[in-house]
Every structure is written in C-alpha cells, then in structure tokens.
Amino acid sequence: MFKVLEVGLRVKAHQKVGSPQPRSTAKGLNHHHSRERQRTISQSSPVHNFIFPGVAASPPKFMSLEEVMKAAKGVSNMVLAHEIAVDKNFKLEKFDPPDNSVEKQVRDVMHKAFWDQLAEQLSQDPPCYDQALVLLQEVRENLLDITLPHHTRLRQEISDTLDVELIKQQTEHGVLDFSQYSQYVLSIMARLCAPVRDETIRNMMRETDAVLVFRGVMETLDLMRLDMANFTIQQIRPHIIAQSVTYEKRKFAEFLKTQNDGLELTRAWLLSHIRPEDLAVTDEMAMRGVVNSVITRSYLALLSWPDEKILPETVVLDGSRILELRDRLSQVCILGSVILVTLSSVGPMITQPDAFKLKLKRNLCIILDPALSDKETMALMDNIVEQVVKEVDDHLIEHEKPPLPASAKTALKSQVLEIKNPDHRIRSLILKRSMEFLGILMSSTTARPVQIPPGLSSLQEELAHICGTLLRLVTHNRNVFGEYYADIIMNHIKAHKELSESDEKKVEEVEGNTEARSEVDK
C-alpha cells in the first residue's frame, strides 16, 4: 500500500523534488489561494531529531547504522504519508535552486560540460560514442521507470531496442544511427506522456540536432517521472487516508524507541493546560471529560504559539499549517477590530452599515491578503488606515453627505493605528471571543449550529474556514496520538492524587504523634 511513498522519496532524491507546503498551505483572507511559508528548523532541536531520528546529541542507547537509517526512512515515509493524507492538493514538485545560488551554478556547469562533451564526441571523425552510450543507458532506465506494471510488452520492447550491448556492437562496426534512437525514444515518450507534454514532444520531433533532442528528452523524462509519481499518489490517496492513522502510529512508535524521551515537549505542552480543578476529579467519566478539555485547550493554545518556541513533537508535521492558521486568526481579529473601530467612530454618518461593512471588509482583505505573518500585517497598517478613510469618504460622497472633517479623519486614523497594539481592548476582546467560539466548535459532539459571538458576524466565513481547517488537522492528529495524550494527562492526575494522599497521610501521622505526646505530658 505504501510503496508509492518509497517511489515518491526516490523521485525526490533523484530529482531533488521538493514537497509543497508542509508543508505549508495558507489560505488568503480573500482569495483563499495556497502560499508557501519558509521556516527554518534548528538542527539541534527536538523537531529536527523527530524528522531525522537517531541523530540526537546524546542517543539513548547504542544503535547500529542500519537501525538508525531504518528509523529515519520510516519517519520520512511517515511524513510523506501524512502530507498526502491531510493535504488534498498535495503533489511533488520539481526543485529548482534559486538563481545565483552555488547549487544552481554547479548544476548548470556540470550539465553544460556533459552536453558539450557529447557534442564534441559526436562531431569527431569517426564519431566517439562513449558519452552517448552512457546517455542511452540512462534514457532506457528512465523510460522503464515511467511504464506501468501492466506494460509488459512495452517494457520488453524498450529493453530490446535500447540494449546497451547491441548498441556497443553497432558503434564498434560504425553502423550506429544516433538520430534513429532519438526518434524511437520520442515515439515511446509520446505514448506514455500526459497530454500536457504533447506539444513539447512534437517540438523535439522536429528538431534535427541530436544533442538538443536528447537534452530535451532528459528534461522531459524528469517531468514525466514526476507526472507518474503524482498520478500514482492521486490514485491511491483514498487508501492512504484510510490507513494513514495506523501507519503513522506504527512509525511514531518506532521513532520513540530511538529517543530518550520522544514526548518531552508534548508532555510539557499538555500539562501546562491542566487546571487546579482538573486535579480533583476521581470519577472515571469525569476523568474522560477532563482529558478532552485539556486536549482541546492545548490545541487552541497552538493558535497563539510564539515563533521562537519549539512545537510539540506530535504536532510538528502540521507545524507550518498550524502557524499559518495562527497568523490567519490574528489577521481576522485585526480585520474585525478595524471594522468595529471604524463603525464606532463614524457609525452615525453611515447610511447603510451592512453594505458599508461588506465593502470595507472586501477591500481590506485585498490589502491584508499578501501578509503571511503578524510582522507583515503590521507593516500594512498604514495602508489599512488610508483605505478606511477612503471607504468612509466614498460612502459619504455616494450618499450625498457632508465630508468627514479633518479632525474626525485624524481621530479615526489614530484609533485604527492603535489596533497594532496586541493588548488593544477591542482586538483582545475579538480574539477572546474567537477562541471561545473555536473551542465550542471543537468540543461539540453534535451537528447542532453554534451561534456566532456578538461582533463577529461579519467574520463568519473566515472563522468557519479557520475552524474547518483546524478541525481536520486536530481530528487526524488526535486519531494518531490521542492515546499518548490521554496517558500523559491521566498519569499526571493520578500521580498528583497519590502525592496528595501521601501528604495527607503524613500530616495525619504527625498530628497523631502530636496528640500522643500531649497525652503522655498530661
């Protein structure tokens, strides 16, 4: 079932194909399009040790290289399975190093050297086919890679036609027709490629320079390998989703065996959300309720997670998604705050407040949409202020009302800019109500509609999207790691109870000894 994961990893290793967005799909405030977030993970962090187990600074035990590599491969496959399961738009993408990077320069120089040497050898009299033989062998392997299991006859035909030993004999006897092989390769590619590659192959068929043809062949074969990997992923994605929870559980258990304490950050994260009253529960049903409440509060805390703090081990695979939801929630709260502040300042002058709110929100979303972080959002606040003033002016002109006085404009700008303060009263209130609303939805066990909190009706669509995305991530995460969460919370509560009982017993013993001494003194 998970053989495609190994195929995908081989493609990535061979072509340096990068997976999209774990990471990393953020929804824009208005257009809801996907964007990438660049985050750096320290190689000394537990997060790095989770993704690459067995490389911790102080390993828990002696492990063979084979054991370490096996564990690393298992978690790498787990990461890929997780991405496919939670991201319906997941696909492998061709990796292109940044312009002017050392990697790109080295790659370009090596490629140019290879093709220049091939052209030089073919132009000799008689031609030298050493480089051509290497190229044809690689083309043969790539063509076999992109065939499907049922293409038995085609696979045999490719193996027979591009037989390296036969081609060697042709070169030795001076009868090798290199261009004939290029046309044969193109004909096979035309039969196997996706429709999007048809035009490229037709253009190569018209090319007469064999070197240029084979250069295009190699580039296109790389893309076709990628097409095949993505096609396979989409075909078996439903099966991966159905089995990913069991698969991730098994791989995470294997990871834990390689660590001293693979749940250190997770334990601290959960226990920080246990309240004093939670420690007093004794009933089994009440304990389950406490466990659910603590887990819900812990998930919600991720929506205010600081960048400098390392994420718990069990949520690191969704780290980029969670942090993007956090930034999106912050943007939504700022958006709601701007709308409320604007209406409270100039509300009496607005003739149609509902239509005004809708238009203001739509245009503010366009401004906020490119921002991927709080810092970027704050940098746009001056633009937000100007847009607010413009919307008010346009509304007053449209409804033939007196223009906004200069003093009122200054006051409005000042009030909107104050929202930059995280402790701003209205901004804090909207964030508090939004978090309570999300908490209610996450804790709900029925499909009964939940009322939108006061002041958030204009943000209903945005909050619904955040909650829907969060619920999908949380549901999958809890299905995989829920048993660990419950054990951590219940063991802590039981240990606290045992400690309390022990302390009470000691107090009773001390009191008993004190009473006994008092009786003796009498």
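**Notes on the predicted model**

1. Seven aromatic pairs are counted when rings of Phe, Tyr and Trp (its six-membered ring) are paired if their centres lie within 6.5 Å, with planes under 30 degrees apart counted as stacked, over 60 as edge-to-face and the rest as tilted. In the pair of F252 and F481 the ring centres are 4.8 Å apart and the planes stand at 80 degrees, so this pair is edge-to-face. Because F252 lies in helix 10 (residues 210–256) and F481 in helix 19 (residues 460–521), the pair ties together parts that are 229 residues apart in sequence; helices here are DSSP runs (H or I, at least four residues), numbered from the N terminus.

2. Both F252 and F481 are buried, a term that stands for under 20% relative accessible area, with exposed meaning over 50% and partly exposed in between (1.4 Å probe, protein chains only). The rings of F252 and Y484 have centres 5.5 Å apart and planes at 70 degrees, so this pair is edge-to-face. For F252 the relative accessible area is 0%, whereas Y484, at 22%, counts as partly exposed. One aromatic cluster is formed by F252, F255, F481 and Y484.

3. This is a predicted model, in which local features need pLDDT of at least 70 and side-chain atom pairs count only at pLDDT 80 or more, while totals for chains, interfaces and linings use all residues. Residues are numbered from 1 along each chain as its sequence is written, and side-chain values use heavy atoms, with hydrogens and water left out.

4. The average pLDDT (the predictor's confidence in each residue, from 0 to 100) is 79 for the protein, and 80% of the residues score at least 70. Over residues 1–65 pLDDT stays under 50. Where pLDDT is low, the predicted coordinates should not be read in detail.

5. Three cavities of 30 Å³ or more are found in a search of the whole structure, a cavity being a set of points, on a 1 Å grid over the protein atoms alone, where a 1.4 Å probe fits but cannot get out, and lining residues having an atom within 4 Å of a point. The second largest cavity holds about 50 Å³ of space, and its lining residues include Y299, D318 and N477. Helix 19 gives the most to this lining, with four residues.

Definitions and conventions: Helices (H or I, at least four residues) and strands (E, at least two) are DSSP runs, numbered from the N terminus. Contact means heavy atoms within 4.5 Å. On a 1 Å grid over the protein atoms alone, a cavity is a set of points where a 1.4 Å probe fits but cannot get out, and a pocket is an open set with protein on both sides within 12 Å along at least five of seven lines; lining residues have an atom within 4 Å of a point. Grid points are joined across faces, edges and corners, and a volume is the space filled by probe spheres set on the points.
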